[in-house]
Amino acid sequence: MPRVLVLGAYGAFGTRVAERLAKEIGLELIVAGRSLEHAGEVARRLSGRGCASVIPARMDAADIAVSELLERKPTLLINASGPYQKQDYRLARACIAAGVHYVDLADARGFVAGIGALDAQAKQAGVLVVSGASTVPALSAAVIDAYAPQLHQLRSASIVISPGNSFDPGLATTQSILSTLGRPFAAPIEGSQTTVHGWQRLRRRHIPDLGWRWLGACDTPDLDLLPLRYPGLHTVEVFAALEIGAFHLALWGVSGLARAGLLRRPERLATPLLALKRAMRFLGSDVGGMAVMLEGEGRSGERKCVAWNLIARRGHGPYIPAMPSVMLAKRLLAGALAARGAMPCLGLFTLEDFLAEVVDLDIVGYLA
């Protein structure tokens with residue numbers, strides 16, 4: 001019986017990964033995290049609804065040994081235990097040594113972009129190691145793969161991720177977001193590497209079905225990976241947009257303090273800020289989404305724009321970053337994914353594949 005181990009299985013996204021995989025017949029699913037009690041709660045909930053055999057386990061992504069993987073013998077390990085900004089490749093290396101496929105949901109720029117350092121080892125072990133199986137860069141690249149052919153030359157890509165206010169990101173994701181506030185990073189803008197600061201470049205944009213939202217700049221793997229994948233692409237921008245404008249502007253203010261050196265570690269505010277957000281989750285809605293705007297030249301040299309939106313209702317938005325890892329898991333277990341080696345999650349599924357995977361959810365993608 002194939003076996004999948006999901007680390008961080010009771011987190012904001014790991015629980016959605018586990019829920020989807022629990023529907024697979026003939027699968028043994030290990031749901032794991034630092035708390036056996038929380039993992040047990042997930043196992044009990046999923047055991048009554050799914051088709052897979054679900055087993056709880058206490059495991060910490062920071063200190064999993066090769067011997068432990070050899071003992072549990074998973075076919076695949078899905079690492080949904082962020083924040084990835086503080087992780088190294090220790091867990092991925094342990095998977096390679098144990099002959100276990102590895103997939104993570106990382107969005108940390110250096111972590112995802114550098115995973116190729118393990119390529120030779122992964123190929124020698126005959127396993128697939130994938131980083132960034134999430135909204136960015138996996139889904140964003142799938143969207144661009146689908147619509148870039150409509151442009152003779154792709155010049156600019158703008159990606160906006162906008163969750164509904166009802167979404168609870170959990171402590172790890174909140175810490176990850178706050179750790180980037182005010183931090184400088186390089187972004188390809190009009191052909192030059194421009195210094196940008198996290199959650200700054202404040203602007204306001206109307207997103208179909210979502211309305212007007214403030215945008216803040218984000219440091220994601222797309223900034224490195226997309227220009228390499230699409231020659232001629234000279235501008236890549238990734239933004240986050242909170243539904244409640246006051247919350248977004250508050251983080252913008254914190255980013256200014258961090259940039260000025262007045263707040264050294266904004267991630268320390270994660271616990272009180274998350275508590276405040278949870279207390280005010282009645283504001284806003286459960287509707288979120290993603291917007292991708294591509295600009296470039298048409299066949300005759302004219303300026304051309306392609307805008308694509310993804311809208312998630314009924315609180316289904318958190319499934320979006322979970323689905324790429326679920327899709328890869330299903331393909332690996334079915335023997336339908338032959339790739340081996342270590343790589344960012346680019347080109348391993350199409351936009352059509354993704355939309356087919358979410359057809360049972362209230363998630364719709366369309367050209368604006």
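Is Phe167 buried or exposed? Phe167 counts as buried, at 17% relative accessibility. The cut-off for buried is under 20% relative accessible area. The model is a predicted one. The points below go through its features in turn.

1. Aromatic pairs. A search of the whole structure finds three of them. One joins Phe13 and Phe167: the ring centres are 5.7 Å apart and the planes meet at 25 degrees, so this pair is stacked. Phe13 lies in the loop between strand S1 (3–7) and helix H1 (14–21). Phe167 lies in the loop between S7 and helix H8 (170–179). The pair therefore ties together parts that are 154 residues apart in sequence.

2. A tilted pair. Tyr89 and Phe111 also form an aromatic pair, with 5.0 Å centre to centre and 50 degrees between the planes. This pair is tilted. Tyr89 sits in the loop between strand S4 (76–79) and helix H4 (90–98), while Phe111 belongs to helix H5, so the pair links parts 22 residues apart in sequence. Tyr89 is buried, with a relative accessible area of 16%. Phe111 is buried as well, at 7% relative accessibility. Ring pairs link Tyr84, Tyr89 and Phe111 into a cluster.

3. A charge over a ring. The ring belongs to Tyr319. The charged end of Arg16 sits over that ring, 5.7 Å from its centre.

4. Helix H9. This helix covers residues 222–229. Its buried residues are Asp222, Leu223, Leu225 and Leu226. What covers them? The cover includes helix H5 (109–113), helix H7 (135–147) and strand S7 (153–162). Strand S8 (184–189), strand S12 (235–240) and strand S15 (341–344) also take part.

5. Ala342. This residue lies in strand S15. Ala342 counts as buried because its relative accessibility is 5%, and buried means under 20%. Leaving out residues up to four places away in sequence, Ala342 touches Ile115, Gly116, Leu118, Asp119, Ala122 and Val129. Arg204 is 138 residues from Ala342 along the chain, and their C-alpha atoms are separated by 38 Å.

6. A cis peptide bond. Where is it? The bond runs from Val136 to Pro137, and its omega is near 0 degrees. Pro137 has its place in helix H7.

7. Positive phi at Glu190. Phi is near 55 degrees here, a positive value in a residue other than glycine. Glu190 lies in the loop between S8 and strand S9 (192–197). Glu190 is exposed, with a relative accessible area of 66%.

8. Positive phi at Asp209. Here phi is near 75 degrees, again positive in a residue other than glycine. Asp209 is found in the loop between strand S10 (203–207) and strand S11 (211–217). With a relative accessible area of 47%, Asp209 is partly exposed.

9. A surface patch. Which residues form the nonpolar patch on the surface? They are Leu269, Leu273 and Leu276, and together they have about 210 Å² of accessible area. Leu273 lies in helix H11 (residues 270–279). At 32% relative accessibility, Leu273 counts as partly exposed.

Notes: Residues numbered from 1 in each chain as written. Predicted model: local features only at pLDDT ≥ 70, side-chain atom pairs only at ≥ 80, totals over all residues. Heavy atoms only, no water. Patch = residues over 30% accessible without salt bridge, like charges linked within 9 Å, V, L, I, M, F, W, Y side chains within 5 Å. Areas by Shrake-Rupley, 256 points an atom, 1.4 Å probe, with all protein chains shown as cover. Salt bridge = Lys/Arg side-chain N within 4 Å of Asp/Glu carboxyl O. Helix = DSSP H or I, 4+ residues; strand = E, 2+ residues; numbered from the N terminus. Buried < 20%, exposed > 50% of the residue type's maximum accessible area, 1.4 Å probe, protein only. Contact = heavy atoms within 4.5 Å. Phe/Tyr/Trp six-rings, centres within 6.5 Å; stacked < 30°, edge-to-face > 60°. Lys NZ or Arg CZ within 6 Å of the ring centre and 35° of its normal.
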